[in-house]
Structure formats: structure tokens, C-alpha cells
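Here is a short walk through one protein chain, with the sequence and coordinates alongside. Keep the viewer open as you read.

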Amino acid sequence: MDQDNKKNVYTYDPEQIHKEAAPKKGGWKKGLLICVLIICIFVVAGIGFDLLDFSVNIFSGGNSNSSQYEYSDSYIGVLPIHGTIGESEGEYDHTWLLERIEQMAEDDENKGLMLSIDTPGGAVYETDELYFAIKEYQKTGKPVYSYMESMAASGGYYISAPCDKIYANRNCWTGSIGVTIGTLYDVSGFLEKAGIKTVTITSGANKAMGSSVDPLTSEQKEIFQSLVDEAYEQFVGIVAEGRNMDIKAVKKLADGRIYTAAQAEKEGLIDGIASREDALKMMMQDCKLQDCETEYIEYEPPVSWRSVLDFVTELKNGKVSGEYEQLMKILDENNKFAITYMAQIER
């Protein structure tokens, strides 16, 4: 049926409608092929047939099965602390690290711990939790050494300070002893020029301090500075105690700057420059642990149903993206600020 003399012309074609309405053939075959492909990927990755660990990872959302970290011979545990210290994300899992340190403290076969650190630092709370976990481990009388890889700055140095000895790769950057609250943006001048007015309703004059639409008052600057100063004094005290240094001497070094491995050794912030293998040998010799095995305790991000379903969706759509994506924002909607032991420079 044709409609003439109209803005739109519609043509009735039964054959065309039949073609469009007919279900596509081979849909179940495509689904089966996707399932087979996923199984093959799991087999290659070595994660598809350990049903116990797989079920623990899926239903607990973590990788805390302690049985896989039990050893029958005397050993030194090498524990990597990689990525930004804070909430568990990507290669960093805070709960997993605390569990491993506690488990080794209670394990009679464990004779020592080496932290293998590569981090720019991170959140004050989580960094301090790691510090206390290390101090608790040391109550067993077992040695703890720190090995700094590419970077062990700010919070990375914070958790190294209490260790019995600190060694660094010759290309390592460390130090950055200090605290930051980040950069606060004031766009009130821009909004005024643009004719934009804002109203913030709060219960007190300082409840929304740091808002990007209102300039900081002198009082608010002092409040923020007091938060930073208190965390800084805590950091300096830990370094002074761990390195057996005078507080004044530490403060001369603790202006936030980054030190190379050679500079850090000269200033007494580390005990020496070495490869990780040589640092392990020195630990064995110093602590008479030559007969111990070396166990590298690696973290593996858990497999979840969400990641599997996301993978299936991406595969079905003809694309597979990376597992982790980070979206950086200069300002967030809630004007949140984190006080961190974080180096502002990256390698």
C-alpha cells in the first residue's frame, strides 16, 4: 500500500517484512562458541579447574584462602607491596597484606619477612595500619627487612622506617617524607565574572571549607594546616625512631623532597644499595638464616562473576578492554579531600 502526496511515503513489502521478522540463524552456535572460548581462556590462565579457590574468590570476593600460603620448611617470606596504599584496588589489596603479615607472624616455619616495596605512598590510615602490622610482627623476634624497588616514597618510606634494615635498588626514588592534602581550587572569581551565583547551606561556617566556589578564610587555612602538621609530626617521629635519628635531623631531611638511592644512603635513610637477591643474601647472613627457603608471596586479584560477565559482554560486542581503568578528576562533586603520605612525583 502506497500513500502518495504525503510528507513521508510508506511502501508495503510483505517479503521485506518477512525477512526482517525472521529469527537469525546460528544464534545458539555463537553462544556456544563464546562459552567454549571462555573455558579455553580459563584453562590457559590456570584459574578454571581449581574449584575450591575459584568458589572462595567468587563468593567471598577476596583471595584470603590461607592454606595456599602454608609451608612445610623454614622460609623467609618476600611480600610485595605494590601500587598506591589505600583501599583495595588493582594490584594492591590492603586486607590481603594485613592477613599475610599476621599469618607469617603466627607461622613457626616463617623465620623472617622482607617487604618488596614499589609505591608512591598513599592514605594515612592504611599506611599506619601497615606500620602497626609490621611492628606487631617484630614482637615475635623475627627480622623484617625492606627492599625498595623503583619507588618507595612517602608512605612507602613510612612503612620501611621500622624495618631492621632498608636496602634499595640503585635506581630507586625514596624519601618524600611529608604530608599533603592536595590542591584546593577556588573558582569563585571565574563564577562571578560569568554571572553565576552559588549558595551553600551548612550548619557551621567551616562545614564546607575547601569548597571550590568559596575562598578559604584564614581560620580554615589554619584548620587544614593543623591536620597536615599533626600527620607530619607522626611521620617524623616514626622515621626518627626507626632510623635511630634525632627529630631535628629528620626534619632537615623531611621537607617533602625525593631522594635517589645514593642520596638516601648518604643521609642515613637507607642501609645500602643492592639488588633484591643480594639484599636477601645479606639478610640471611646477618640473621643466620642461610638454611631457609625463599617464598615469594604473590597477590592474585580474585575472579568474580561481574568480571566474567563483563568479559562475555565485551567479547560478544567484539571488543575486550583492559581489566582496570582509572578515571582521574580534578574536582569531585562532593569536595572531598584526603590527607595522604603521597609523593606528588611519579616515575
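## The chain as a whole

What share of the residues in the protein chain is buried? Buried residues come to 36% of the 347 in the chain. Keep in mind that this is a predicted model.

The chain is built from twelve helices and ten strands. Among contacts with a separation of 6 or more, 73% are between residues 24 or more positions apart. As for the surface, the protein chain exposes about 21,700 Å², and carbon and sulfur atoms supply 52% of that area.

## One cavity

How many cavities of 30 Å³ or more does a search of the whole structure find? It turns up one. The volume of the largest cavity is about 40 Å³.

Its lining is made of Y69, Y71, Y75, R100, Q103, M104, D107 and I297. Sorted by class, that is five nonpolar, one polar and two charged residues. Helix α4, residues 94-106, gives the most to the lining, with three residues.

## Helix α4

So much for the cavity; now for the helix itself. α4 has 13 residues, which should span 18 Å at 1.5 Å a residue, and the 19 Å between its end C-alpha atoms agrees with that.

Which residues of α4 are buried? They are H94, W96, L97, R100, I101, Q103 and M104. An α-helix has 3.6 residues a turn, so residues three or four places apart point the same way.

α8 covers residues 218-243. With 26 residues, α8 reaches 37 Å from first C-alpha to last, close to the expected 38 Å. Buried in α8 are Q220, F224, V228, A231, Y232, F235, V236, I238, V239, A240 and R243. What lies over them includes α5, α6 (155-158), β5 (165-168), α9 (247-253) and β10. Just after α8, N244 takes a positive phi of about 55°.

## Strand β10 and T340

T340 sits in strand β10, residues 340-342. Is T340 buried or exposed? With a relative accessible area of 14%, T340 is buried, the cut-off for buried being under 20%.

Which residues does T340 touch, leaving aside its neighbours within four places in sequence? They are G122, A123, V124, G178, V179 and T180.

## The loops around α7

Two valines are worth a click here. V187 lies in the loop between β6 (173-175) and α7 (188-193), and at 28% relative accessibility V187 counts as partly exposed. V187 and S211 are 24 residues apart in sequence, with 9.3 Å between their C-alpha atoms.

V213 is in the loop between α7 and α8. Not counting residues up to four places away in sequence, V213 touches S188, L191, T198 and T200. For V213 and T198, the separation is 15 residues in sequence and 7.3 Å in space, C-alpha to C-alpha.

## Two serines with positive phi

Where is S154 in the chain? S154 is in the loop between β4 (144-153) and α6. S154 has a positive phi of about 50° although it is not a glycine. At 0% relative accessibility, S154 counts as buried.

S176 belongs to the loop between β6 and α7. Its phi is positive too, at about 55°, although S176 is not a glycine. S176 counts as buried, at 6% relative accessibility.

Definitions and conventions
Residues numbered from 1 in each chain as written. Predicted model: local features only at pLDDT ≥ 70, side-chain atom pairs only at ≥ 80, totals over all residues. Heavy atoms only, no water. 1 Å grid on protein atoms, 1.4 Å probe; cavity = no way out; pocket = protein on both sides within 12 Å on 5 of 7 lines; lining within 4 Å. Points joined across faces, edges and corners; volume = space filled by probe spheres on them. Helix = DSSP H or I, 4+ residues; strand = E, 2+ residues; numbered from the N terminus. Nonpolar A, V, L, I, M, F, W, Y, C, P; charged D, E, K, R; others polar. Buried < 20%, exposed > 50% of the residue type's maximum accessible area, 1.4 Å probe, protein only. Contact = heavy atoms within 4.5 Å. Areas by Shrake-Rupley, 256 points an atom, 1.4 Å probe, with all protein chains shown as cover. Expected span 1.5 Å × (residues − 1).
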